[in-house]
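Subject: The structure we talked about

Hi there,

Here is the structure I promised to pass on to you. Have a look at it first, and then read my notes below.

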There are 2 protein chains.
Amino acid sequence: MYLRKVQIPSRLIEAAVDQMATLPGIGRRTALRLVLHMLGRDAVRVRDFAEAMVAMREGVKPCSTCHAPTESETCATCSDPRRDGTTLCVVEDIRDMLALEAVGEYRGLYHVLGGVISPMDGVGPADLHIDSLVIRTASKGVREVILALPASMEGDTTAFYLARKLRETEVLLTTLARGVAVGEALQYADEATLSRSLSNRIPYAG
Amino acid sequence: MYLRKVQIPSRLIEAAVDQMATLPGIGRRTALRLVLHMLGRDAVRVRDFAEAMVAMREGVKPCSTCHAPTESETCATCSDPRRDGTTLCVVEDIRDMLALEAVGEYRGLYHVLGGVISPMDGVGPADLHIDSLVIRTASKGVREVILALPASMEGDTTAFYLARKLRETEVLLTTLARGVAVGEALQYADEATLSRSLSNRIPYAG
């Protein structure tokens, strides 16, 4: 609140706060706190911080196959001969890929869309890596595409759009199971989740 | 959670996340989100961000008088001849100074301690700008020192320490009024605040 009324008494701090506040989820008040923290550091540490950001932005490129960020032409997953190239898992961004990798069970490849279709945010199909997904899917050998997209309006819209796009490839389209989380009490699950876990119930495998 | 188990598949992203996560209140998960956001930006914008941090750290120094960050030898407040040099307001950091300045009523000068005494965090009196406060207070002309420190164990400890240090200067020591906030309902005020607003009650000025 007070930041609107009072000018920060240094043009350089003001500029740093402006930059910090461009990060998602960082308001001007938090930005000022972070910048003042930076100000209290050794200059060499601030330089290290700045250089790490620039080096990351300049050294990391999307994998030419799956669009996951990588420092080489092809990412470590795509170039791993032990991965199963017949299955592609489509994710919104690399964080979802990392979450799935953490489980350590999936042996197929990924395709990072780079977002989901969201007219509200001005994100259309052309902004996502959809064409390359269609080409990969149509290539010989791909048998299954797992749509691991968020369970939201945008995720559902994107899945629907992809399904239509991939219809001609005759690939098996699957999606992640949605339901009550392991360890979660039924009474605390939300209605949509309970509804899905009921309608998608599976044979008891005891 | 998954960040502990899975390695981020790029040394450069990992290094940037490490740096981002050194900021206070930014965990590794948030750091990854911010770094991936950076990755999606134009390289020139990332460079601007990095340069703003370095320029801020290198161009901003503590005011030689009050220790508020400034780009000159003496900050704008200290060098403003219209400010009343007989009153010093002691604050923990510049954000508190900015909050007070936003009110636009205080015409005296400030003294930025740079923290409060906190044995738990390894902050002792020697880490704060206390010696220069004693020297400023002892200089001719200073009549009142307002202790505008946080109402916490650390703030109280610091105020007590400063009061002892400044006892010999025979300056008038005051502290900010604590009580029920303007517009706040009595029933929602916490006990400590209510207790203070009662014990520090003042004559009704109708």
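At what angle do helix 2 of chain B and helix 3 of chain B pack, and how far apart are their axes? Keep in mind while you look that this is a predicted model. Helix 2 covers residues 11-20 and helix 3 covers residues 28-39, and the two pack at an angle of about 120 degrees with their axes 8 Å apart. Because of that angle, helix 2 of chain B is oblique to helix 3 of chain B. Their crossing is right-handed. On the helix 2 side, the contact is made by B:Ile13, B:Ala16, B:Val17 and B:Met20, while helix 3 brings B:Arg28, B:Ala31, B:Leu32, B:Leu34 and B:Val35. Sorted by class, this contact of helix 2 with helix 3 of chain B has eight nonpolar residues, no polar ones and one charged residue.

Next, the two chains together. How are the two copies related? A rotation of 180 degrees, with 0.0 Å of shift along its axis, superposes chain B on chain A with an RMSD of 0.1 Å. The two copies are therefore related as by a two-fold rotation axis. If you want to find that axis on your screen, go to B:Ala50: of the residues of chain B, its C-alpha comes closest to the rotation axis, at 2.2 Å.

The contact between the chains takes 48 residues from chain B and 49 residues from chain A. Which elements of chain B supply at least two residues each to the side that touches chain A? They are helix 1 (2-5), helix 2, helix 3, helix 4 (43-59), strand 2 (69-70) and helix 5 (94-103). Helix 4 of chain B gives the most to this side, with 14 residues. By class, the side of chain B that touches chain A has 33 nonpolar, five polar and ten charged residues. As 100% of the interface residues of chain B are also interface residues in chain A, the copies meet through the same surface.

One helix pair across the two chains is worth a look. Helix 3 (residues 28-39) of chain A packs with helix 4 of chain B at an angle of about 55 degrees, and their axes are 9 Å apart. That angle makes helix 3 of chain A oblique to helix 4 of chain B. Helix 3 of chain A passes helix 4 of chain B in a right-handed crossing. Here A:Val35, A:Met38 and A:Leu39 of helix 3 of chain A meet B:Met53, B:Met56 and B:Arg57 of helix 4 of chain B. The residues of this contact divide into five nonpolar, no polar and one charged.

Finally, two backbone details in chain A. A:His67 has a positive phi of about 70 degrees although it is not a glycine. You will find A:His67 in the loop between strand 1 (61-62) and strand 2 (69-70) of chain A. Is A:His67 buried or exposed? A:His67 counts as buried, because it has 22 C-beta neighbours inside 10 Å. A:Glu170 has a positive phi as well, near 55 degrees, and is a residue other than glycine. The place of A:Glu170 is in the loop between helix 7 (153-166) and strand 6 (172-175) of chain A. With 10 C-beta neighbours inside 10 Å, A:Glu170 counts as exposed.

Enjoy exploring, and write back with any questions!

Best wishes

Notes
Residues are numbered from 1 along each chain as its sequence is written. Chains are lettered from A and ligands numbered from 1 in the order in which they are written. This is a predicted model: local features need pLDDT of at least 70, side-chain atom pairs count only at pLDDT 80 or more; totals for chains, interfaces and linings use all residues. Axes are lines fitted to C-alpha atoms, for helices over the stretch in contact, and angles run from 0 to 180 degrees between N-to-C directions. Helices (H or I, at least four residues) and strands (E, at least two) are DSSP runs, numbered from the N terminus. Angles under 35 degrees count as roughly parallel, over 145 as roughly antiparallel, 65 to 115 as roughly perpendicular and the rest as oblique. A crossing is left-handed if the near helix is turned anticlockwise from the far one by less than a right angle, and right-handed if clockwise. Two residues are in contact if their C-beta atoms, placed from the backbone, lie within 7 Å. Ala, Val, Leu, Ile, Met, Phe, Trp, Tyr, Cys and Pro count as nonpolar, Asp, Glu, Lys and Arg as charged, and the others, Gly among them, as polar. Copies are superposed by least squares on the C-alpha atoms of residues with pLDDT of at least 70 in both. A residue is buried if 20 or more other C-beta atoms lie within 10 Å of its own, exposed if 12 or fewer, and partly exposed in between; C-beta atoms are placed from the backbone.
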